[in-house]
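Visitor: I'd like a close look at just one part of this model. Could you pick a loop, then walk me through the strand it follows and whatever surrounds that strand?

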Amino acid sequence: MNSLRRPLIAGNWKMYLDLASSVSLAKSVAAGLPADAPEVMVATPFTALAVVGEALKGTKVKLAAQDCYWEKEGAFTGQVSAFQLKDAGCQGVLIGHSERRQFFGETDETVKKKLTAALENGLLPIVCVGETLAEREDGRTFKVLETQLTGALSGFGPSQLATLVIAYEPVWAIGTGKTATPAQAQEAHLFIRKTCQRLHGDGFAAGLRILYGGSVKPDNVDSLMSEPDLDGALVGGASLKADSFLRIVKFSAAVAK
Ligand code: PGA
């Protein structure tokens, strides 16, 4: 981490938990936050947004959704718009998670449309990028990241993207227990920052928060967060239990490098 950028730890609950467990997890996370906590956010399933939002009222934990649709309203059965998420009390939204790219046809073009809608509705967007194992083994990691980033971020001005957060999530590390090493993560984060610098300038790149995601756990978060270009974590499995998520929130990073 770098003291210029406020760390963000976001939990991605994916398609887990019933309403009662969602509320109880949200309350335990909020109750366990230390006074000097980083920014903390939980991305719940759509059905849990209202009750978790209610449970988090008056706390420092922010509410996010895991996806959104770009149109404000209309005959789009099954979709939920960024406008509706804002109305439901969301402050943030995940966009382009690799599971959406892999299983639900998300493309760089739809990521861009969703990003536009999130920004227009005042939601903090967390845009996810990352390479598959085959792409890494082929030496195409940087190319993939560059394509995903330019696809999503070109055409905006840096001031429009002021709240943007990027999550680097190598697909091979998600839910597999195979975390990227701190050095592998740092290399990718630095590449992402440099690409964003080329797209939107020095000031934008210096302030951009880049989260790492992919098997972040209590026992690896400290070394990951000690890397200078890691500004937080997007946590799946380990965000489903209050004690492991809170330990991640309380990461300790060796900042001087
Ligand atoms: P994981 O998931 O922590 O379970 O690997 C991360 C994510 O998919 O955001």
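Guide: Let's take serine 215, which sits in the loop between β7 and α10 (221-225). Before going further: the model is predicted, so to speak of local features we need pLDDT of at least 70, side-chain atom pairs count only at pLDDT 80 or more, and totals for chains, interfaces and linings use all residues. Residues are numbered from 1 along each chain as its sequence is written, and side-chain values use heavy atoms, with hydrogens and water left out. As for the element names, helices (H or I, at least four residues) and strands (E, at least two) are DSSP runs, numbered from the N terminus.

Most residues other than glycine have a negative phi. Serine 215 is also tucked away, counting as buried with a relative accessible area of 9%. Here buried is under 20% relative accessible area, exposed is over 50%, and partly exposed is in between (1.4 Å probe, protein chains only).

Leucine 17 belongs to the loop between β1 (8-12) and α1 (19-32). With a relative accessible area of 34%, leucine 17 is partly exposed.

Now step back into β7, residues 209-213. Five of its five residues are buried, so the strand is mostly covered. Arg209, Leu211 and Gly213 point one way from β7, while Ile210 and Tyr212 point the other way.

DSSP has to find at least two bridges between two strands for them to pair.

Follow the neighbours around and you get the whole picture: eight strands close into a barrel, in the order β1-β2-β3-β4-β5-β6-β7-β8, with parallel pairing. On average, neighbouring strands of this sheet are turned by 25 degrees against each other, direction ignored. (Axes are lines fitted to C-alpha atoms, for helices over the stretch in contact, and angles run from 0 to 180 degrees between N-to-C directions.) Helix α2 (residues 49-56) packs on the sheet, touching β2 (39-43) and β3 (61-65), and its direction makes about 170 degrees with that of β3. Contact means heavy atoms within 4.5 Å.

Moving on from β6, you reach β5, which pairs with β6 in the parallel sense over four bridges. Valine 129 stands opposite tyrosine 168 in β6. β5 (residues 124-129) is mostly covered as well, with six of its six residues buried. Leu124, Ile126 and Cys128 point one way from β5, and Pro125, Val127 and Val129 the other way. Strand β4 (residues 92-95) is joined to β5 by four bridges, again parallel, and isoleucine 95 has valine 127 in β5 as its bridge partner.

Last stop, the pockets. On a 1 Å grid over the protein atoms alone, a cavity is a set of points where a 1.4 Å probe fits but cannot get out; a pocket is an open set with protein on both sides within 12 Å along at least five of seven lines, and lining residues have an atom within 4 Å of a point. Grid points are joined across faces, edges and corners, and a volume is the space filled by probe spheres set on the points.

The second largest pocket holds about 210 Å³. It is lined by 19 residues, and Lys14, Ile174, Gly175, Gly236 and Gly237 are the closest to its centre. The largest pocket has a volume of about 420 Å³. Its lining has 15 residues, with Lys14, Met15, Gln66, Arg100 and Phe104 the closest to the centre. Helix α4 (residues 98-103) gives the most to that lining, with three residues.
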